Amino acid sequence: MSAQDVVLALAPNWLGDSVMALPAVADLRRHYSDARLIVAGRPSVAALFGMVPGVDEVVTLTWRGSVWRAAQASADVRALRDTRAGVAVLLPNSFASAWLVWRADIRERWGYARDRRSWLLTRAVPRPSRSVHQGRYYQELIRAGGIPNGPLTPIVVPPADATASAVALLGEHGWDGLAPIVVVAPGAAYGTAKQWPVSHVRTLVAGLASAGCACVLVGSRADAETTAAVGVGLDTELRRRVIDIAGDTSLPVLAAVLSLAGVCVSNDSGAMHLAGAVGVPVVAVFGPTNEAETSPLTRSVAPAQVLTAPSWCRPCMLRTCPLDHRCMQGVEPDRVRRAVERALAGPVGR
């Protein structure tokens, strides 16, 4: 490609998936070093790519695939056409994403042969025949285009203004700037089956707060009820060391809060993946989902600590548990606390 060419990547729709796609985006950046690299994604993930080194522009898409939203689809087609991209790489598997770049008259359109969309693609790649990590799944699409794969390492760099906002926000909630921060993300957009029980989270937070840690609870507005329940029953002194900012952060500020932490404890969630990408040690509790496919990719010196409990029924991939939630109930708070202490005491602990 010449220096005048433009490469367009369509982002996955979920935060965690978008983070796991970052190594594939980095592969494109390295290979097309003289091209302009643009990432297009929905509002829920667009801000992520503004924090990714090597991405020159981010286009926000609003259409969600509904035939009743023709005006949104037309606006997205115009936005993609205006990029003047010569090649589009479709990281989502959806028919809608292929239809958009086809309508936008982008010359080369690469994607997996999924969702009956092969006729819209100029390079329809068969999906991997074996189970692979989701990050590797995205990279194999890039490799099928003759582009070498680099490290399976996502990199997110929070901007300075977001870091300043994060410090101010934590200070407003009582952080003294000295206590080690443990970020806890107890929610999960996929469903309640992925959530570590609130009673376990409460026990963990109480123990860490007693030891002098500042426990910062994060999540979306939808997680606010869960994070509020964590503090129920804690005495006044411990509650002073529990900072609940669920729903109060933009994506860049959340990334900055994570970057200030010594460790992040999370279910299999977008926050877990974002923590790994900013370089924070991660303690991840996995239940119904498959850690071989979605374990956190991390920049930190130490690998993520992935904790599971033996259970004949996992990974079931269900949104809600029809049994007794043994895969998550069985991960004891003391075990998670020991993992947190290892992370704080290690070479990347703070």
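Q: What is the bridge partner of Ala40 in strand 3?
A: Val59 is the partner of Ala40 there. One caution at the start: this is a predicted model.

Q: And how do strand 2 and strand 3 pair?
A: They are paired in the parallel sense, over 4 bridges. Strand 2 covers residues 36–41, and strand 3 covers 57–60.

Q: What sheet is that, and in what order are the strands?
A: It is an open sheet of 6 strands in the order 3-2-1-4-5-6, with parallel pairing.

Q: Which strands stand at the edges?
A: Strand 3 and strand 6, the latter being residues 123–125. Each has a single partner strand, so one side of each has no neighbour in the sheet.

Q: By how many degrees are neighbouring strands turned against each other?
A: On average by 20 degrees, direction ignored.

Q: Which strands does helix 5 touch?
A: Helix 5, residues 95–103, packs on this sheet and touches strand 1 (6–10), strand 4 (87–90) and strand 5 (108–112). The direction of helix 5 makes about 175 degrees with that of strand 4.

Q: Pick a residue in that helix for me.
A: Ala98 lies in helix 5.

Q: Is Ala98 buried or exposed?
A: Ala98 is buried, as its relative accessible area is 0% and the cut-off for buried is under 20%.

Q: What does Ala98 touch, leaving out residues up to four places away in sequence?
A: Leu90, Arg117, Leu120 and Leu121. Take Leu120: it is 22 residues from Ala98 in sequence, and the C-alpha atoms of the two are 6.1 Å apart in space.

Q: Switching to pockets. How much space lies in the second largest pocket?
A: About 160 Å³.

Q: Which residues lie nearest its centre?
A: Asn13, Arg42, Trp63, Ser94 and Ser97, out of 15 residues that line the second largest pocket.

Q: Which elements give two or more residues to that lining?
A: Strand 2 and helix 5. Helix 5 gives the most, with 3 residues.

Q: How do the lining residues of the second largest pocket divide?
A: Into 8 nonpolar, 5 polar and 2 charged.

Q: How many cavities of 30 Å³ or more are there?
A: The count comes to 1. The largest cavity holds about 40 Å³ of space.

Q: What lines the largest cavity?
A: Val184, Ala185, Pro186, Trp196, Val201, Val265, Ser266, Asn267 and Val285. By class, this lining has 7 nonpolar residues, 2 polar ones and no charged ones.

Q: Which strands each supply at least two of the residues lining the largest cavity?
A: Strand 7, residues 181–185, and strand 10, residues 263–267. The largest share, 3 residues, comes from strand 10.

Q: How many residues of strand 10 are buried?
A: 5 of the 5, so strand 10 is largely enclosed by the rest of the structure.

Q: Which way do the residues of strand 10 point?
A: Val263, Val265 and Asn267 point one way, while Cys264 and Ser266 point the other way. As a general rule, side chains in a regular strand alternate between the two faces of the sheet.

Q: How is strand 7 joined to strand 10?
A: By 4 bridges, with the two running parallel. Val184 stands opposite Val265 in strand 10.

Q: And strand 10 to strand 11?
A: Also parallel, and joined by 4 bridges; strand 11 is residues 282–285. There, Asn267 stands opposite Val285.

Q: Now helices again. How many residues of helix 12 are buried?
A: 9 of the 9, so helix 12, residues 270–278, is largely enclosed by the rest of the structure. Among them are Met272, His273 and Leu274.

Q: What follows helix 12?
A: Gly279, with a positive phi near 100 degrees.

Q: How many residues of helix 11 are buried?
A: 9 of its 9, so to speak of cover, helix 11 (residues 251–259) is mostly covered. The buried residues include Leu251, Pro252 and Ser259.

Conventions:
Residues numbered from 1 in each chain as written. Predicted model: local features only at pLDDT ≥ 70, side-chain atom pairs only at ≥ 80, totals over all residues. Heavy atoms only, no water. Pairing = 2+ DSSP bridges. Axes fitted to C-alpha atoms, helices over the stretch in contact; angles between N-to-C directions. Contact = heavy atoms within 4.5 Å. 1 Å grid on protein atoms, 1.4 Å probe; cavity = no way out; pocket = protein on both sides within 12 Å on 5 of 7 lines; lining within 4 Å. Points joined across faces, edges and corners; volume = space filled by probe spheres on them. Nonpolar A, V, L, I, M, F, W, Y, C, P; charged D, E, K, R; others polar. Buried < 20%, exposed > 50% of the residue type's maximum accessible area, 1.4 Å probe, protein only.
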